[in-house]
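Let's take a friendly walk through the aromatic rings of this structure. Please have the sequence and the coordinates to hand.

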Amino acid sequence: MSDVTAAGRAARGPGSGAGTARRTARWAAWAAAALVAIAVPFYLDGFWLQTGLFAMSAAVGAIGINLLTGSTGQLSMGHAFFLAVGAYAYVYFADPGQDGAHAIGGLGLPTPLAVVLAVLTAGVAGGLFSPIAGRLKGAYLGIATLALIFLGQHLLFNAEPVTGGYNGRAVPPLELFGLTFADTPELVLLNVPFGALERLWFLGLLLVLGAAAFARGVLRGRPGRAMNTIRDHEIAAGVMGVPVARYRAGVFVLSSMYAGLAGVMLALVFQRTVPEYFGMLLSLDYLAMIVIGGLGSVGGAILGAVFVSVLPQLLTRYSGTLPLIAEPGSGGVSPAEAARILYGAAVVAVVLFLPGGLLGLLGRLRGAPGGRRAVLGRGPALPFSPPPASPSTSPTPDTRS
Amino acid sequence: MITFLELLVNGLSMGSVYALIALGFVIIFKATEVVNFAHASLLLAGGYVVARLHPFTGFWLALLIGVAFAGLLAALVEFLIIRRANVGSHSVLAIVTIGVDIVITTELTRQMGTEILSLGDPWGDSVVHIGGVTVAEVRIVALGTAAALITLFLLAFRYTGWGVAMRATAEDAETAALMGIRLGRVSLSAWAVAGALAAVAALFLCVFPTPGLDRGTSFAAIKAFPAAILGGLDSTTGALAGGLIVGVTEALMTGYQNQLAFLGRGIGDVAPFLVMLVILLLRPAGLFGTRETARV
Amino acid sequence: MLDVKDVTVRFAGLTALDGVSFTVRPGTVHAVIGPNGAGKSTCFNVLSGVYRATSGSVRFGDAELTALAPHRIAALGVARTFQNIALSRHLPVLDNLMLGRHRLTRAGFVSAGLRLPSARAEAALHRARAAEIAEFVGIGDRLGTPVGLLPYGVQKRVELARALCMEPRLLLLDEPVAGMTGGEREEIAELVVAVRESLGISVVLVEHDMGVVMRLADRVTVLDFGRRIADGTPEEVQADPAVIRAYLGTSANGEHA
Amino acid sequence: MEVTAPPPHDGGLAVSDVVVNYGPVRALRGVSLRVPPGSIVTVLGTNGAGKTTLLRAISGTLRFHRGGIAAGTVTWAGERLSGIPAPAVVARGVTQVPEGRRVFGRMTVEDNLRAGALGAGGGRAAAQAREQVHSLFPVLAERAHQRAGLLSGGEQQMLAIGRALMARPSLLLLDEPTLGLAPLVAARIAETIRQINADGTSVLLIEQNAATALSLASYAYVLEVGEVALEGPTTELALGDEVRRRYLGVTDAPGDGAGRPGPPGDGGARRPAARPRPALARWFA
């Protein structure tokens, strides 16, 4: 979970006993988590598998927007648009289409290729927006990206030959190395019928891990440092040789590709794409995820994604036993509404009381290595924080001319 | 030509309503540097109170209470949340307002369900004829009210002590504090005024030809965001110009959508955002916005 | 090597720099001094591309700097420090230094994300050099500490180290000893001398501490009201009546000349 | 003006052992100074010495810079100023003219003055204050309806001072009022400060321009890296070499640590270093 750089590791002393013990503990934790993740499809029913898969898709999308908002300080309300691009592009590339009265286009490409092309298409869409994404910053960009939501909805409803319009489109299942990610043909493993959800579960795990590893590589490497500096001190970044506008646009494209992949995953799980789903609320969900989880870090994005995706399902499942929450359709606070209110409030609460989000809280609970990070961690509590307002003993620009 | 004039008047009327919303949005930004994404939810709250109260209190009292309620709610958001979020960065506060927006909007839409609530306005669907041009009476009222409120506001902004304090704070908060201006009060009053303006705008978003207040109203309110940013987030003039541009564009694109069929149905709703994108491409700080000069 | 000619900068009616010219010869330390508000920081901001000059030219080698964006100027080997520290507070010292290596490294999103061998080798090579520079500046034991937790004096050193990490041909130092104690000032002054001696690069220095200026500078340009009022060796400048007047005010004219 | 040393007293401004931190950065390390009622006291020092921080500690604006008073107290006329917000400080009669003037450039001159009066109630007192300011700076009356941003530097400084006077302060804090002004204009400002003081307002003056400051003030403090390095009546300080050395780096004995307190003989640049100088090899790759 931790996002400590090489420097951080060096500081703790590579050979120290405490360091080794901690590393062992961390490996053990990872191994345990991996075991649990692998075991899940054998024990949980479809409802939870689907919830888990939604969370995985959300995690990929959240990692993407965290690169943009958390690490580079650029707000985007348009994430849902790129999810839609990914989802619909996959369907368009993979589906052979049909002629007739309601002609629907499609290329019928091999599905793995369609996945790759869908992600690239999302990237291209992000690139088309780069003249704005590169020049606007912070909350300004947030309002500008609202346009993508409305434009996206308009296209999804109107470009019927591609999107299927109001009714959306069915999603062709993915076929990889002869394995079809669908309920047929039947497959039974260890006495558990392995349907679409079970099969997708492992694919989802792999994709989340891959997405997380890639993002972490970016963040720890040369681009990540440039992004953080743009967030912390734009002018210094430029003077140090970082082409600021190009980087802003680049991160926007990368973030769009993450959203595209999340969209593909969503489509595969949902098996149908509908326009309404990709509205503004979805974008807000993603911003809520990264704030609740912890801005600027991969682990935070994953935590937040799980929180925001699982909460409504938990409430739905246990609405009978929870006070104040009514069964869906009975007129009281529905689980979905309760969940929205809860995580809306969580966003506010995190900023007010929990700098660093859930990840920061975890760090603090674990003590030791997180202790310092909790104060001034890598996953900063203040993603857009300006340069220290007054680092010098005479902080007003005394020589300002 | 007649159609064009009708569309233009309707567009200006809607535009003046957007301007009211955008003005509040800009006031909050100027006074506290917060981009308030919860603005649409404040508007919804004001409208909702009017809709629920008017059967009991009559329209005018309900409107008064609704406006006061929205102002109070906005002030409460400032006092309980914005002021306490000591994050040192105003952009984080933008995300906080998103959280606030999620909570308020979710609760209100839950209360409304699928109903379409009437606000009980006295104008109904009566129309007036000026020359060959036919316009709904309420659209004229909207234009007049918005113009009056905006004038009143600009006069207050210019001539009262409150206005001086607001402008001083917007320019340089620290120096304003050095002059003895209480920043807390300035910020509280800015939020309250913005909330109240939004509630008035809510009224005119929900009257003829719109069927009434429903879940979609907050989306209509969101069109004021491009109005604010294309004018320039820190400019009151910009908010007015932006509102009118958005209103007129929307009305014309909707009115001529048959001729614009190749752009798809409902292009009117998207048009304001497209205009915003074009303007931002040409002027990243908006039409009247000031570019900050970097200080190192 | 660096040739500043007739540079004028105007902001909304205010003339911050008014036809300023000076030349920095290779391998020398050139100080720009002047009372508060004289235009020194504006001058630095023009040299590093943060501000655009209204008129005039700045030539560095064969390149004309006035038309270039900051990152293009950085690519030519011009590094600067900031008077008000401009580091990423949350990041450890090493990451801040590695930012200085940005222009010398290539890893992009793909190779960093995939951790390609080329990116790892590059990172290791440059980390080693950053550590070397940190050692030189005297912060070798702080590489893992988030910058925000360091005392002010150390943060100023990180600024200097980050600029050195760019392997500059021209180093612009904006008040490197402001707010430091006497002992710290000595050490920083030593460092600047060491930089020039071991790397042979040119240094332009804006500084208020006249002791440091007089000791380090080979040549001094004095600004006042955005104009150049003197230019010469430290001794010449020190004795210049115009300079004394600028610093001590009119009434000091006769007393100290 | 006959003050030789500020005696302990209950009136006036008393800054006692004030320590100020900006996060981990310590900017003032226990500064004490006094401004007796009716006097002009100056604080000198180079950039980064902590002069502006000192004023912020008095006027309650440290919080705008993420700073705070960690120890010590500030009192004016027996009332505590430390720990109360800036508007409350103004209400107690202490007003600061910020460094760099910082007039509200997009507002008219008149509105700037109105802003200055907002902290001290309005009505008749404000009208009276405006008259006083206009008589002190007639140019502000002439330009009442012009945008402040269009004034010249000197006029902006007058406006900044006039704006502060609108709150009818009993203590005026001035942060480098002659900054960037032409000598004649600076002299004019200095004359005004003298007049304001003669009208009964105490003044704490922060200056880079030592000559002006020393000629105005009766007592001076020299700050260095957050500490009072030197203090005394200006009549004594003005002639001393200390101030001259600090400001110009002029050293009477060549090479004696360049005029700063510091380890003597700790290696001047042009002399052999006392200890091995660090070296860095050029980088090739």
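## A buried pair in chain A

Phe82(A) and Phe252(A) are both buried. This structure is a predicted model, and a search over all its chains turns up 23 aromatic pairs. Phe82(A) and Phe252(A) make one of them, in an edge-to-face arrangement with 5.6 Å from centre to centre and 85 degrees between the planes.

## A stacked pair between chains

Next come Phe150(A) and Phe273(B): their ring centres are 4.2 Å apart and their planes meet at 15 degrees, so this pair counts as stacked. The pair crosses between chains, running from helix 7 (residues 138-158) of chain A, which holds Phe150(A), to helix 12 (residues 267-282) of chain B, which holds Phe273(B).

## A ring cluster

Back in chain A, ring pairs join Phe54(A), Tyr88(A), Phe270(A), Tyr277(A) and Phe278(A) into a cluster.

## Charges over rings

Arginines meet rings here as well. In chain B, Arg84(B) places its charged end over the ring of Phe79(B), 4.8 Å from the ring centre. Arg101(C) has its charged end over the ring of Trp283(D), at 4.4 Å from the centre of that ring.

Terms used
Residues are numbered from 1 along each chain as its sequence is written. Chains are lettered from A and ligands numbered from 1 in the order in which they are written. This is a predicted model: local features need pLDDT of at least 70, side-chain atom pairs count only at pLDDT 80 or more; totals for chains, interfaces and linings use all residues. Side-chain values use heavy atoms; hydrogens and water are left out. Rings of Phe, Tyr and Trp (its six-membered ring) pair if their centres lie within 6.5 Å; planes under 30 degrees apart count as stacked, over 60 as edge-to-face and the rest as tilted. Buried means under 20% relative accessible area, exposed over 50%, partly exposed in between (1.4 Å probe, protein chains only). Helices (H or I, at least four residues) and strands (E, at least two) are DSSP runs, numbered from the N terminus. A charge sits over a ring if NZ of Lys or CZ of Arg is within 6 Å of the ring centre and within 35 degrees of the ring normal.
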